[in-house]
Structure formats: C-alpha cells, structure tokens
Amino acid sequence: MYDYLALMPIIMPIIGALLTYALGKYSEKAQDVFLVAYSALIFLVDVAYLVLLQTGALKPQAYGFIVLDAPGIVISILIAFIGTLAIFYSFVYKDSKHYDNTYFIMYFLLMGMMSGLASTYNVIVMLIFLEAATVISSVLILFGRTKRSIKAAYVYLAISIIEVVLVVTGAFILYNDAGTIDLNLMKPGSVSQNDMFLLAMLFFFGFGTKAGLLPLGIIWLPPAHAEAPPPISATMSGILIKASVIAMIKAVYPFYLISGVETLILVVASFGVLNMLVGVIMALLSEDIKRLLAYHSISQMGYIIMGLGFATPTAIYGALFHITNHMLFKGCLFLITGALILRINTRKIHKMGGLMWQMPLTGACFLIASLAMSGVPFLNGFVSKELIYEGSIEAGYPIVFSIFGLDLTIFSIFGWVTSLLTFTCLIHAFYVMFMGKPREEFKDAKDPPVFMMLPILIMAGLCIVLGVYPDLASGALEFAANALFGLTHI
C-alpha cells in the first residue's frame, strides 16, 4: 500500500532540482529560502520514516529495485543533514558568477543519487546510481574552476571504468549461478562456494573504489576532494564515500556464508587497516590543508571498512556510528578550509600563522573537530572507534594486552597507532595555522560570515554532544546495524 514511499528519498531531491530551476527564473530571494527549507524538509521526512520503521508502524518498503530499509534511510538522513548545511554554506559563493542555478540543481540531484545508491540490493542498479553520482559530483568538482580541478575530475571519471568492469563481471557470474542480480532474491546454495569468494572480492573492490578503498582510492580521492569547492569536499568526504561503502557491504555480506568466511573477514578488515595507516602517513607528509584532510578521509574510511569487515553487531554499529561521526568532524574541517581560503586565500599550512586571534571561533571549531577525529575521549570519534575495537573481540580475535581498562586486539593496536598519528598531524596543523607566529598580511582576517560559520558551529557542537551523549544516536544506528547484520545470514 505504501510501497511508493521507498522512492521518496530519491524523488524528493530530484523534484527539488526542478523547483530550483523554476524559482531561479522567478526570484533569487524565494529560491534561497526554498533551497534551505526544502532540503530541511527532506531531512525531516527521512527522520519520520526512520521513526515509523523503528516503532514498527511501517515495514521496509520496496518499489521495483528500490528497497528502503533501516540502513538506506539512515544514509538518506545523513545526506539530507549535510546537504542542508552545505547548501546554506554555499550562499557565500552566490556572488561569484559561476555559482549559478546549475550548482544547486546538481547538488539536489547528487543527494538523490546518493540516496538511491544506499537504497537498493540490485548490483547493477547500485552501479547505475554510483556512476550517476560520480558524473554529477565531477561537474561539481569543476566549480573549483582551476586546471587542477579539471584534472581531478578526469581522474575521478577514469577510475570509474575499473569499478564498472569489476561490478559488471561480478553481476554476470552472479546471474549465471543464481539467476538473479538482486542480492535479496538469492537463494541459499545457489552460488557455488568457489564463486562466492570471487564475487565478494569483485564487489568489494568494485564498489569499494569509490569508498576510498586502496589501492585505487589513493589515486582519485585526494585530488578530487582537495580541488572541489569546500562544500562539495565536505559532501564527498562526509557522505558520498559512505553511501558507496554501504553499497559495497550490502553486496559483500551475502557471501559471508562462505565456508572460509574467516579468510574473507581477515581480507576486508586488513584492507581497512591498510587504509588507516597509508592515509594517515600521507596526511603527515602533506603541506596543503585540503589535501591533508583528503588523506585523512582515506584513513578514517579504514576504520569503517575494518568495522564492517568484522561483521558482528557491535562492529557494524560502531562502523555506522563512525560514518555519522566522520560526516560531522570531517565535514566541519572541510568547511573551515573554505573559511580560511575566503579570508586569507591560501591552503598552505606553513603560510598561515596566529589566526586564533583573528578567527577565534574558526580556530576553536578546528581544534574540536581535530580532537574528535583523533579519538580523544568525550568526543564522538572516541565512542565509535571503541565500538569497532569491541567488535574485533566479538569477531574472535585474541586480546593482546589490556591498558587503562581497555582490551586491545591486534586491530585495536593498529587503530590506536593511527589515532596517535592523526592527533600528531592535526595538532601540528592547528598549532602552525592558529597558534604560530602571526603574519602581518593576515592582520585583518576575521571569522567568516554567518552562512559559513553556522554550519561549522553546528557540526563542531555535535561532535561534543555525541561524544558526551552517544545514546542520542544509538537507537537508530543499532537498528540499522541489526538490519545489515541480517544480510550475513540470508
């Protein structure tokens, strides 16, 4: 009866794009109000849907290939949340001639494609949504209007060829064995044990490529995230790669029924560790603040991939929590880079200094978000990382040693090492940019206008709130985690 509701997170942003185009012809002021109000409406509708699912008043809805269940609607909520803040933030750029209707139209379309990516179990439909989101985000990268942004968009699009080949190959094998490319319609035993591991790897690397998974993630992600306009960097890092990782794990989990599942778990979790370490080391070597943050996206995605790889309820819950947290602290940091570029027109860390006295709110938010990403206690990053570490114990990995009441497996140790390196990297950047020797040319710098500052403050504030009161998000995230965990038993 209500099956059409499954389309709402996809259709509503598309309608928003059409209305944005129409209002742009009529009134710019009306369009501005509409952009924020409508994206906020999408957020509220998605939240209402999740509440109905949690209370049992509504069951997961399916319309054709689109299935809107708990994992999909949680991602859609995050998309609408960061979308509202990014659109509001983008008003600062409206005085620039090239930030016309096209920018906001494409942004709404991107929101719809990202929601679609997280709302299907058909591997080809997933791929279509992923490629549509890739093309749209490539257009948005080009709003950077530099030669580097054009090159980044080319690389971003070129990498898609590899993921298409991997996923389509997997789809052919899956259809040949199971007679379907819809993972929800697979029957137990329909895929041979030999093909199950192969399919898991094809979908893992295929969809994982756009989730920042190494080795290909290191090629496209840093330039794409660094050269895009700051609100697009925040969106791509904050949620696009997360929608991709949810698609990836939806396509991989049904093959956890393989007899050698321990090997599959180890492979997925180990690639998570590889992402963590390589990403943070590359960040330590970066002088460009946006590229530094892009490398940290690769590193932080490692935690999420590792947690999802363990495939235990606690680990999946921790991974979903880290998806939410990463959207907040990394989105905040990317938006701060936009404020820095606006006020002092540089991305080079060692060309800044003493900005804390001119931009105190910006500096404070940078510090909060940096500490949150480093996993400092009483901030949100600490909570999600500890849940992932608990998940490694739940997955059966032995405790190597205990310290300060924390039981550490080998994966936990890698996680803590990465957190310490993250702390070193970001605190160094904070000290140089905000506490270093003041520069005469920046004496007139000040905190950005309210359109920029408000989204930054909201994200930084939520890093504290969810660190102190994690239960505010736990109900919805555990609900989604249980749904994902069920995929390993279909």
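Tutor: Start with a definition: axes are lines fitted to C-alpha atoms, and angles run from 0 to 180 degrees between N-to-C directions. Keep in mind that this model is predicted.

Student: Why is α7 called roughly antiparallel to α9?
Tutor: The axes of α7 (residues 193-208) and α9 (residues 230-252) cross at roughly 175°. Angles over 145 degrees count as roughly antiparallel. Therefore α7 is roughly antiparallel to α9. Their axes come within 8 Å.

Student: Which residues of α7 and α9 meet?
Tutor: From α7 come Ala 200, Phe 203, Phe 204, Phe 207 and Gly 208. From α9 come Ser 244, Ala 247, Met 248, Ala 251 and Val 252. By class, this contact has eight nonpolar, two polar and no charged residues.

Student: Why does Asn 325 count as buried?
Tutor: Buried means under 20% relative accessible area. Asn 325 has 0% relative accessibility, so Asn 325 counts as buried. Asn 325 is in helix α12 (residues 313-344). Beyond neighbours within four places in sequence, Asn 325 contacts Asn 380, Gly 381, Ser 384 and Leu 466.

Student: How do you know that the span of α2 agrees with its 28 residues?
Tutor: At 1.5 Å a residue, α2 (residues 28-55) should span 40 Å. Its end C-alpha atoms are 41 Å apart, so the span agrees.

Methods. Residues are numbered from 1 along each chain as its sequence is written. This is a predicted model: local features need pLDDT of at least 70, side-chain atom pairs count only at pLDDT 80 or more; totals for chains, interfaces and linings use all residues. Side-chain values use heavy atoms; hydrogens and water are left out. Helices (H or I, at least four residues) and strands (E, at least two) are DSSP runs, numbered from the N terminus. Angles under 35 degrees count as roughly parallel, over 145 as roughly antiparallel, 65 to 115 as roughly perpendicular and the rest as oblique. Contact means heavy atoms within 4.5 Å. Ala, Val, Leu, Ile, Met, Phe, Trp, Tyr, Cys and Pro count as nonpolar, Asp, Glu, Lys and Arg as charged, and the others, Gly among them, as polar. Buried means under 20% relative accessible area, exposed over 50%, partly exposed in between (1.4 Å probe, protein chains only). The expected span of a helix is 1.5 Å times one less than its number of residues.
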